[in-house]
Amino acid sequence: MEELNTDKKEHTEVTLRPHGPLVIRGDFEVMDEDGKTLTKQPQMSFCRCRLSQKWPFCDGSHKAAH
């Protein structure tokens with residue numbers, strides 16, 4: 001596993017939304033199990049309910065369940 005660079009000054013914020021996704025904002029990359037970058041965006045929402053058709057990314061499907 002790659003070592004994290006703790007010298008970075010960028011701020012990353014992780015928020016758990018009630019009955020919703022895990023939202024990450026900041027400087028980060030999403031990689032697959034082989035280390036290939038899937039996406040690099042300033043904000044990404046990850047599904048926690050497993051209802052998303054785009055899992056592991058949130059598509060808002062949790063709204064219909066609540």
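A search of the whole structure turns up 1 aromatic pair. By that I mean rings of Phe, Tyr or Trp, the last by its six-membered ring, with centres within 6.5 Å. The two partners are Phe-46 and Phe-57, 5.5 Å centre to centre, with 35° between the planes, and the pair is tilted. On this scale, planes under 30 degrees apart are stacked, over 60 edge-to-face, and the rest tilted.

Before going on, a word on where this comes from. This is a predicted model, in which local features need pLDDT of at least 70 and side-chain atom pairs count only at pLDDT 80 or more, while totals for chains, interfaces and linings use all residues. Residues are numbered from 1 along each chain as its sequence is written, and side-chain values use heavy atoms, with hydrogens and water left out.

Back to the pair. Phe-46 lies in strand β5 and Phe-57 in the loop between β5 and α1 (62-65), so the pair ties together parts that are 11 residues apart in sequence. Helices (H or I, at least four residues) and strands (E, at least two) are DSSP runs, numbered from the N terminus. Phe-46 is buried, at 16% relative accessible area, whereas Phe-57 is partly exposed, at 21%. Buried is under 20%, exposed is over 50%, and partly exposed is in between, with a 1.4 Å probe and protein chains only.

Now the sheet. Which strands does it contain, and in what order? It is an open sheet of 3 strands, ordered β1-β2-β5, with antiparallel pairing. Two strands pair if DSSP finds at least two bridges between them. At the edges are β1 (13-16) and β5 (43-46), each pairing on one side only. Strand β2 (residues 22-25) is joined to β5 by 4 bridges. In one of these strands, β5, Ser-45 is the bridge partner of Val-23.

Next, a charge and a ring. The charged end of Arg-50 sits over the ring of Trp-55, 3.8 Å from its centre. The test asks for NZ of Lys or CZ of Arg within 6 Å of the ring centre and within 35 degrees of the ring normal.

Last, the cysteines. How many disulfides does the structure hold? The count is 0, a disulfide being a pair of cysteine sulfur atoms within 2.5 Å. For Cys-49, the nearest cysteine sulfur is that of Cys-47, 3.7 Å away. Cys-49 is partly exposed at 35% relative accessibility. For Cys-58, the nearest cysteine sulfur is again that of Cys-47, at 5.9 Å. Cys-58 is partly exposed, at 22%.
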